[in-house]
Each structure stands twice: as C-alpha cells, then as structure tokens.
Amino acid sequence: MTRAASYFKIGPARLFVHFCVLVIVIIWLVPTLGIFVSALRDRDQITVSGWWTAFAGSTQTVAARLGTPDQQKQEGDIFVITGNVLADQPGRSVKAFGVRVQQPSAFEAGQTADLGDGASLLINSDGSYRYMKNVAFAPDERPRRIYVAASAPPEFTLANYKTVLTSEGIGQSFINSLTVTIPATIIPILIAAFAAYALSWMEFPGRALLIALVVGLIVVPLQMSLIPLLRLYNEIGTAIGQPSKTYPGIWLAHTAFGMPLAIYLLRAYIAGLPKEIIESARVDGASDFEIFTRIVLPLSFPALASFAIFQFLWVWNDLLVAMVFLGTDKDHLVLTGALNALLGSRGGNWEILTASAFVTIIIPLLVFFSLQRYLVRGLLAGSVKGG
C-alpha cells in the first residue's frame, strides 16, 4: 500500500478528530470574517442587510421628492413632471416604489401607479420618473414625497478605520496598550526563567515548598488581590510623593499575576532537558549563570514563546487590571477601555464598533501566528518526565 493510500485510509477516531477541528475552525472563522466585512461597510448597508450579503449588494428604502410645479410640461391632454430620483445616487437602481411610508414597495419599477384624482406615477429602474396629471399642477402645490426601494452594488470603504484611528481616540489607546503589553510580557518571562532554572537544577532548602507555593498561586483568583494591591500602591505613591497609577505600576501588577503560571510552564520544560548537558557544563567549570544563559535559555525558546503568547493575549485583552492600576484618563486609557467607552456612547454605530474590534485583534493574531509553531512543543514539554 502506498503512502498516499494509507493516508486516505482514515479510521473513525481520526475522522472524528478532523471533523471537530474543522468545526472549531469554522466557529472561529465565521465571526471574524463577519467583523472584517462589516468594518468595510457603511452604516446604511449594515442597517438593511447582513454582512453575508455584502458581496451581492443590498436594497435600501430611501425617501425622495418629485419635481416642483414649475417643472411641468404639457403633453397633449396631460401635464407631466419628469426627473430622476437617483440623480444624486449613481450606481443604484430602483426595484420598487410607493407613496406611503407603510408601503414603500407597493409598485414595481416600470409599473404605472394610479395615485387617484387623475394623477399617476411611473418610475423606471434607472430612477427616471414621469409624474402625470390630467389637470395642471397648482403653483402652490408641494412636491410629492415618495419612497423608493433602491438596490446598491457592493460598496466597501476604509472610512470606518479612518474614523476609529483618528477622531475616536483609538489610535492613542492602541499605543497605550502596546506600552502596557510589551513590557508586561517580557518582564515576567525574564524573572520566571531564572526562577524556573533554580527550581529545576539548583539544590537548596525549601525548593519543594516553593514549587508547591507556585502551583497554589495559580489557582488564586486575580480579583482577590486587586483591592489589597491597590491600597499598597496608593500608600507607596503617597509616601514617595508620586502618582500610584503609572505604567511601571501596571507592569509590576501584570508581572505578579502572570508569574506563577510562567514559572510552572518554564520549570516543566527546563526540568525535562537532558541531565547530561547540565552535568557536562558543570564539569567544565561553568557557573549556574553561564549554564542558564548559554545552554538552558536557548534550548527553552519553545516554552518561552508559548508563555509569551498567553501573556500577551491576556494583557492585551485585559480591561479590569488596566482600569484599576492605570485609570481611565485619555492619556492612559488602553484599547479595551476605549472600546468599552464606544459601546456605551455609540451602541448603534456598528460600523465603528466592528472596525474597532478588528483593530484590536490584528496584533494578537500576528503574535500568535508568528509563534504558534512553538506553542504545542512548549506546552507538552515536561509532561512525560521532569527533574
């Protein structure tokens, strides 16, 4: 049996796994595609049709007024006002029209509608119309209001992103989030890597107790420590005469919250490194610092990358810690806080909200796809054996 034939001979268990993966991909991809497409549409299109119809165009009901009596012309026994209801909307076509708001699509395009009192109206698909009467239009007669169901071709615009990144202040919040996230990802990795090496390859009293303490801290809810830690920040800020809500403060907070899991993951990986490499380096006279920086750290890159993905995503998507330790003023408001403000003040502007949401996921996607090949290796390392 060839390799290709054996590959396509998939058992029930493997087929079920492939099906589950496909379902998960679709569940993740469909909403993301919807956000992306909606962010490229204007408010009118989003209001009248779903994002899945974006590539087929949409139909919108618009109000218009016919021409004034001074535009009338006599044609035989009738008086006619002509014009185009779509003169200012090129690219659209009329599908139906009506004279009452309750029935905006009462007549098909190209059909002559009897309006009563000797009046009739014909609107073609290109928007041109003939408003006819068997008597002259009165000079003081107001232009008649009509309603037109007009189909619009697919239209996409970057105006929503321009609005989000400029007038809505999302651009500054984007920079603020990067200022918070990058150091809050690097700092715990550096500290946890040293701690993980010490707990894996250095003998000292209380090592087992420290390992148990790290595992216990993982399950402590973050919310329990917010108020005590904030009080400590305020007291320190008052003592040194500095504001308590600063970038270094939130860096330390995220470092403390992410440290237990970082130490746990990195220790599982570092403890699984071949013991012979460490012992050979010690025989050659290398210190623990040299072993760590020259041997352990380069070999631990998959574990470092896997935790970097988790920590970056947690900090980037965080709102609670940012509001508590950094505040909500304009100069420090993070991206999630700005989106939360948009939800409160612009509940109906879906084009702004979808553009804002897609802006937030661009950076995490780049980080994930650039490091995802190390994710599984870093998480599964140390699951079979440990030091």
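Aspartate 117 lies in the loop between β6 (112–116) and β7 (119–123). In this predicted model, local features need pLDDT of at least 70, side-chain atom pairs count only at pLDDT 80 or more, and totals for chains, interfaces and linings use all residues. Residues are numbered from 1 along each chain as its sequence is written, and side-chain values use heavy atoms, with hydrogens and water left out. The phi angle of aspartate 117 is near 55°, a positive value in a residue other than glycine. At 77% relative accessibility, aspartate 117 counts as exposed. Exposed means over 50% relative accessible area, buried under 20%, and partly exposed in between (1.4 Å probe, protein chains only).

Glutamate 351 sits in helix α14 (residues 350–371). Its relative accessible area is 7%, so glutamate 351 is buried. Beyond its neighbours within four places in sequence, glutamate 351 is in contact with Ser38, Ala39, Arg41, Arg43, Ile46 and Asn160. Contact means heavy atoms within 4.5 Å. Glutamate 279 belongs to helix α9 (residues 275–283). With a relative accessible area of 39%, glutamate 279 is partly exposed. Glutamate 279 and isoleucine 291 are 12 residues apart in sequence, and their C-alpha atoms are 9.8 Å apart in space.

The protein chain holds 15 helices and nine strands. Both are DSSP runs numbered from the N terminus: helices are H or I with at least four residues, strands E with at least two. Of the 387 residues of the chain, 39% are buried. The radius of gyration is 33 Å, whereas a compact globule of 387 residues would have one near 21 Å. This radius is taken over C-alpha atoms, and the globule rule is 2.2 Å times the number of residues to the power 0.38. The C-alpha trace spans about 115 × 75 × 30 Å along its principal axes. Among contacts in the chain with a separation of 6 or more, 71% come from residues 24 or more positions apart.

Helix packing was examined next. Helix α5 (residues 170–201) packs on helix α8 (residues 247–270) at an angle of about 40°, with the axes 6 Å apart. That makes α5 oblique to α8. Angles under 35 degrees count as roughly parallel, over 145 as roughly antiparallel, 65 to 115 as roughly perpendicular and the rest as oblique. Axes are lines fitted to C-alpha atoms, for helices over the stretch in contact, and angles run from 0 to 180 degrees between N-to-C directions. The crossing of α5 and α8 is right-handed. A crossing is right-handed if the near helix is turned clockwise from the far one by less than a right angle, and left-handed if anticlockwise. The residues of the contact of α5 with α8 comprise 22 nonpolar, five polar and one charged. Ala, Val, Leu, Ile, Met, Phe, Trp, Tyr, Cys and Pro count as nonpolar, Asp, Glu, Lys and Arg as charged, and the others, Gly among them, as polar.

Helix α5 also meets helix α11 (residues 301–316); the axes come within 9 Å and cross at roughly 145°. This crossing is right-handed. Residues in the contact include Phe174 and Ile189 of α5, and Phe307 and Trp316 of α11. By class, the contact of α5 with α11 has 13 nonpolar, four polar and no charged residues.

The axes of helix α7 (residues 226–240) and α8 come within 12 Å and cross at roughly 145°. Helix α7 passes α8 in a right-handed crossing. Leu226, Leu229 and Tyr233 of α7 meet Gly249, Leu252, Ala253 and Phe257 of α8. Six of the residues in this contact are nonpolar, one is polar and none is charged.
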